[in-house]
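Me: I am new to this structure and would like to go through it slowly, one question at a time. Could you show it to me before we begin?

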Amino acid sequence: MLREVLLALFFLAGALAGHVYALCCDEGAQAELGRYLRDFCAVYDAGGTASSLWSCAVLYFGSGVLVFLLGFSCAGVALIPALAALIGFLSMYTVSCFVRCFGRAGVVLAMGLMGIRLLFTLPCFFALADKAWPLSTELFALSFGRGKRSAPVLYGSQYVLLLVLCLVILAAGVCCERLAAPLLFRLALGEVL
């Protein structure tokens, strides 16, 4: 239970940092970001931005596979919470930028753009991180502390089965993203523009 709370706190700290960072942009940077987001929305509305299957796969599978692999490394002790914070930062920074550009309607636009992805990727990330972090911690303790007197780190079949389940869920998410996200974002654009 403590691991889940700590991972959630790292995610929330990253989200708060992303929001604060978006608010700290000076007027020139804010104006440029506003122009970029308006141009992006106009191009998207005209049907000119279709995300490639490769970019969807990287966005969906990247953090899950990375956190799974970090479970096999003692560096995961620090990198898994840092990855949770980074995901929180990037998610909230995006939402905050849309809000600064479009006001309250920016939340609807951001959720139309990222809602499906976050719905699939966040639960998979946290499920994998919850299993990978203690394994990485055991490796760290074995490498730098307890030496030969400790038990070996065991990666049961449940760890791999969790990855397979998450990969299936994320593949379904990629399909939903490719089919539904453009429609949702265009609907959100219709409400805002």
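What follows is a set of questions and answers about this predicted model.

Me: Which order do the elements of the protein chain follow from the N terminus on?

Reply: The chain in this predicted model has 6 helices and 0 strands. Read from the N terminus on, the elements of the protein chain therefore run α-α-α-α-α-α.

Me: What percentage of the residues of the protein chain count as buried?

Reply: The C-alpha atoms of the protein chain fill a box of roughly 65 × 35 × 25 Å, taken along the principal axes. Of the 193 residues of the protein chain, the share that counts as buried is 37%.

Me: Are helix 3 and helix 4 roughly parallel or roughly antiparallel to each other?

Reply: Helix 3, residues 53-70, and helix 4, residues 76-102, have axes 9 Å apart and pack at an angle of about 165°. Because angles over 145 degrees count as roughly antiparallel, the relation of helix 3 to helix 4 is roughly antiparallel.

Me: By class, how many nonpolar residues does the contact of helix 3 with helix 4 have?

Reply: Helix 3 contributes Ser63, Leu66, Val67 and Leu70 to the contact, while helix 4 contributes Gly76, Leu79, Ile80, Leu83 and Ile87. By class, this contact of helix 3 with helix 4 has no charged residues and 2 polar ones, and its number of nonpolar residues is 7.

Me: How is the pair of Phe10 and Trp133 classed?

Reply: The structure holds 10 aromatic pairs. In the pair of Phe10 and Trp133, the ring centres are 6.5 Å apart and the planes stand at 80°. Since planes over 60 degrees apart count as edge-to-face, the pair of Phe10 and Trp133 is edge-to-face.

Me: How many residues apart in sequence are the parts that the pair of Phe10 and Trp133 ties together?

Reply: Phe10 belongs to helix 1, residues 2-23, whereas Trp133 belongs to helix 5, residues 105-146. The pair therefore ties together parts of the chain whose separation in sequence, in residues, is 123.

Me: Is Trp133 buried or exposed?

Reply: Phe10 has a relative accessible area of 36% and is partly exposed. For Trp133 the relative accessible area is 11%, and because buried means under 20%, Trp133 is buried.

Me: Which residues form one aromatic cluster with Phe11?

Reply: The rings of Phe11 and Phe126 have their centres 5.7 Å apart and their planes at 80°, so this pair is edge-to-face. Phe11 lies in helix 1 and Phe126 in helix 5, 115 residues apart. The residues that form one aromatic cluster with Phe11 are Phe125 and Phe126.

Technical notes
Residues are numbered from 1 along each chain as its sequence is written. This is a predicted model: local features need pLDDT of at least 70, side-chain atom pairs count only at pLDDT 80 or more; totals for chains, interfaces and linings use all residues. Side-chain values use heavy atoms; hydrogens and water are left out. Rings of Phe, Tyr and Trp (its six-membered ring) pair if their centres lie within 6.5 Å; planes under 30 degrees apart count as stacked, over 60 as edge-to-face and the rest as tilted. Helices (H or I, at least four residues) and strands (E, at least two) are DSSP runs, numbered from the N terminus. Buried means under 20% relative accessible area, exposed over 50%, partly exposed in between (1.4 Å probe, protein chains only). Axes are lines fitted to C-alpha atoms, for helices over the stretch in contact, and angles run from 0 to 180 degrees between N-to-C directions. Angles under 35 degrees count as roughly parallel, over 145 as roughly antiparallel, 65 to 115 as roughly perpendicular and the rest as oblique. Contact means heavy atoms within 4.5 Å. Ala, Val, Leu, Ile, Met, Phe, Trp, Tyr, Cys and Pro count as nonpolar, Asp, Glu, Lys and Arg as charged, and the others, Gly among them, as polar.
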